[in-house]
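Here are a few friendly notes to read alongside the model. Please keep the coordinates open as you go through them.

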Amino acid sequence: MGIVNVRYMVDDVDAAIAFYTGHLGFSLLSSASPAFADVVRDDLRLLLSGPKSSAGRPMLDGRQPGPGGWNRMEFVVDDIAAEVERLRAAGVRFRSDVVRGPGGAQIVFDDPSGNPIELFQPADRQA
């Protein structure tokens, strides 16, 4: 399938690098901080674009790109409770508690700029 590229707008490129490499197993590919960096994990390349990046420039209608929203990356995990405990101990801010449904369990948390990330444990991996 190849590399998938996802762009996240961030408030602080260095804080985003530290978060993704320190908590989620990404490796730094390149950095032009404070404007931009990219990190990689397996087949996912995450483009971290700060306010000084070209992606941070205002749109023609004046809207300013920024972090947040609800579109998100999803990481499939084998033990959601253990991952939540690990991330909470590291001070990661969660948007919700674990929600369980017929397909599995999920929880949403934020990176340092408020971009959402989901952990998902499929039902067939639950004890």
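1. S5 and strand S8 (residues 116-122) run parallel and are joined by 4 bridges. In this pairing, Met 73 sits opposite Ile 117 of S8. Strands here are DSSP runs (E, at least two residues), and helices are H or I runs of at least four, numbered from the N terminus; two strands pair if DSSP finds at least two bridges between them.

2. A word on provenance: this is a predicted model, in which local features need pLDDT of at least 70 and side-chain atom pairs pLDDT 80 or more, while totals for chains, interfaces and linings use all residues. Residues are numbered from 1 along each chain as its sequence is written, and side-chain values use heavy atoms, without hydrogens and water.

3. Strand S5 (residues 73-76) has Met 73 and Phe 75 on its covered face, with Glu 74 and Val 76 on the uncovered one. In a regular strand, side chains alternate between the two faces of the sheet.

4. The open sheet has 4 strands in the order S5-S8-S7-S6, with mixed pairing. Its edge strands, S5 and strand S6 (99-101), each pair on one side only. S6 and S7 run antiparallel through 3 bridges, and Val 99 has Gln 106 in S7 as its bridge partner.

Note on methods. Buried means under 20% relative accessible area, exposed over 50%, partly exposed in between (1.4 Å probe, protein chains only).
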